[in-house]
Amino acid sequence: MKHPIEIRQATLDDIPEITAIFRNTITHINAKDYNEKQISVWSYGADDIEEWKKRIKNYYFIVAEMNTNIVGFAYLKNGNYFDGIYVHKDHLRQGIGSKLLRIIESQVMMNDYEVMKSDVSKTALPFFDNRYFEVIKKQKKSFKGVVFENYLMEKNLND
Ligand SMILES: CC(C)(COP(=O)(O)OP(=O)(O)OC[C@H]1O[C@@H](n2cnc3c(N)ncnc32)[C@H](O)[C@@H]1OP(=O)(O)O)[C@@H](O)C(=O)NCCC(=O)NCCS
């Protein structure tokens, strides 16, 4: 029988599992849309443990668990900026990302914002597009000296 997905807030003890998913999803899934250098710089972010600690302490950071294993995570910064969502490469298309997004959206509404924003990867564009996010602009952002193409997207939660 399929195990149910449980969502809970992240703790600092989750960092090893979170960073393993971050690295694996980027190197296996995002790699089809970004070049080797971009993937290397992006996935290297897994090793910045201090940054992950800050995110867990300061942001609304949730994990999805299946049978006590973390299979995905998402985090919201400054009340309405959706900063990241990653699902384990072996558990894509099982509804985990949608469940995480629904809970992030509820949190944005609880924070009294009508609009949420995100910088969305080329890989995740169809996922967000199918969930009523609109592209505000296609943009190039520099991270550690490497340029990434992504999309600034917004969703009005009252629509
Ligand atoms: C974007 C991402 C988070 C989506 O996660 P996910 O768990 O695969 O999302 P879901 O399963 O909820 O939805 C994905 C698709 O699977 C489909 N799906 C959901 N449950 C399904 C099921 N049981 N069987 C078959 N398909 C299913 C959905 O309809 C959806 O298709 P759609 O986008 O055409 O509507 C994931 O692809 C990911 O981690 N991508 C790489 C990281 C990334 O780029 N993150 C964003 C940048 S910060």
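**Exercise 1.** Which of the 18 residues around the ligand come nearest?

*Solution.* A word on the model first: it is predicted, with local features needing pLDDT of at least 70 and side-chain atom pairs counting only at pLDDT 80 or more, while totals for chains, interfaces and linings use all residues. Residues are numbered from 1 along each chain as its sequence is written, and side-chain values use heavy atoms, with hydrogens and water left out.

Step 1: a residue is near a molecule if one of its heavy atoms lies within 4 Å of it.
Step 2: among the 18 residues around the ligand, Ile85, Gly95, Gly97, Ser98 and Ser121 come nearest.
Step 3: sorted by class, the shell holds seven nonpolar, nine polar (Gly counts here) and two charged residues.

**Exercise 2.** Find the polar atoms that lie by an oxygen atom of the ligand.

Step 1: Ser98 places a polar side-chain atom 2.5 Å from a ligand oxygen.
Step 2: a polar backbone atom of Gln94 is 3.1 Å from an oxygen atom of the ligand.
Step 3: for Arg131, a polar side-chain atom lies 3.3 Å from a ligand oxygen.
Step 4: the ligand alone exposes 940 Å² (Shrake-Rupley method, 1.4 Å probe), and the protein buries 74% of that.

Technical notes:
A polar contact is a pair of N or O atoms within 3.5 Å; within protein, one must be able to donate a hydrogen and the other to accept it, and residues adjacent in sequence count only if both atoms are side-chain atoms.
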